[in-house]
Amino acid sequence: MAVRDTLSKLENLVAKSSHLPLTGIVIINEDDLVHVIDELRHDLPEELDHAEQILNDRENIIKAAQLEADKIIKQAQTKADRLVDENDVVVRANETARNVISNANQQGNAILEQAQQRANQFQLNVNNYASQVFESLIEHVDRTFQGIQAAEAGLEQAKQALQQSKSQVDQQIYAYTKAQAQQQLQPQDFQTEPDN
């Protein structure tokens, strides 16, 4: 099933991605993630089309069963009519005809009931399948989203750490530059030459 295969790829992508040391943060290659999401976009409509085809099959089964039941009833009616026409004893012919029609109705109802049960089972299978696909998709997307959020938090922490380091380096450079300037401007540099 294509969607499940794609979801497995997404899970493997997360599992095989690099982790930031000492954190639970996963670094996912953006191109790989976009590629897997594109596969999901492509596969999901096919899976939904498959589910729709199953529903269409359900309707076709019911229609076919109805046609079969109607055909049996019509054949029984024709046979009953022929029996009435051919039989000298009208009462017996009518009784036979009623029995044939009754049996035909029972058979037709049995066929319809079986078809309805099969259609209901198809419907149940489609519902279960669609539910599993969407639950799995939501779960994988949620895990991926959490991983991305964690990665963003890690990047923000790294950015703050770099900014603090830069600030400290700037302060050290400023202190060093100031100290150098003070050393160059010692008092002996300002002594005047003695008067002649």
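This report covers the fold, the cores, the salt bridges and some individual residues of a predicted model.

**Overall fold**

The protein has three helices and two strands. Read from the N terminus, the elements follow the order α-β-β-α-α. Helix H1 spans 2-16 and helix H3 spans 90-184. Helix H2 covers residues 30-86. The protein has 196 residues, and 20% of them are buried. Its accessible surface is about 14,700 Å². Carbon and sulfur atoms account for 52% of that surface. Take the contacts between residues at least 6 apart in sequence: 75% of them join residues at least 24 apart.

**Nonpolar cores**

The largest nonpolar core contains seven residues. They are Val-3, Leu-7, Leu-40, Leu-44, Tyr-129, Val-133 and Leu-137. H1, H2 and H3 each contribute at least two residues to this core. H3 gives the most, with three residues.

**Salt bridges**

The count of salt bridges comes to five. Side chains of opposite charge can pair when their charged atoms come close.

| Pair | N to O distance | Location |
|---|---|---|
| Lys-9 and Glu-39 | 3.0 Å | helix H1 and helix H2 |
| Asp-38 and Arg-41 | 3.1 Å | both in helix H2 |
| Lys-166 and Asp-170 | 3.1 Å | both in helix H3 |

The pair of Lys-9 and Glu-39 links distant parts of the chain, 30 residues apart. Lys-9 is partly exposed, because its relative accessibility is 42%. Glu-39 stands at 17% relative accessibility, so it counts as buried.

Asp-38 and Arg-41 are three residues apart, about one turn of helix H2. Asp-38 is partly exposed at 37% relative accessibility. Arg-41 is exposed, with a relative accessible area of 58%. In helix H3, Lys-166 and Asp-170 are four residues apart, again about one turn of the helix. Lys-166 has a relative accessible area of 53% and is therefore exposed. Asp-170 counts as partly exposed, at 37% relative accessibility.

**Residues along helix H2**

Arg-58 belongs to helix H2. This arginine is buried, because its relative accessibility is 15%, and the cut-off for buried is under 20%. The side chain of Arg-58 makes a polar contact of 3.0 Å with the side chain of Glu-59. Beyond its neighbours within four places in sequence, Arg-58 is in contact with Gln-116, Ala-119, Asn-120, Phe-122 and Gln-123.

Ala-64 is also placed in helix H2. Its relative accessible area is 43%, so Ala-64 is partly exposed. Ala-64 and Leu-112 are separated by 48 residues in sequence. In space, their C-alpha atoms are 9.3 Å apart.

Leu-48 is another residue found in helix H2. Leu-48 counts as partly exposed, with 41% relative accessibility.

Definitions and conventions: Residues are numbered from 1 along each chain as its sequence is written. This is a predicted model: local features need pLDDT of at least 70, side-chain atom pairs count only at pLDDT 80 or more; totals for chains, interfaces and linings use all residues. Side-chain values use heavy atoms; hydrogens and water are left out. Buried means under 20% relative accessible area, exposed over 50%, partly exposed in between (1.4 Å probe, protein chains only). A nonpolar core is a set of buried Ala, Val, Leu, Ile, Met, Phe, Trp, Tyr and Cys residues joined through side-chain atoms within 4.5 Å. A polar contact is a pair of N or O atoms within 3.5 Å; within protein, one must be able to donate a hydrogen and the other to accept it, and residues adjacent in sequence count only if both atoms are side-chain atoms. Contact means heavy atoms within 4.5 Å. Accessible areas come from the Shrake-Rupley method with a 1.4 Å probe; for residues, only the protein chains shown count as cover. A salt bridge is a side-chain nitrogen of Lys or Arg within 4 Å of a carboxyl oxygen of Asp or Glu.
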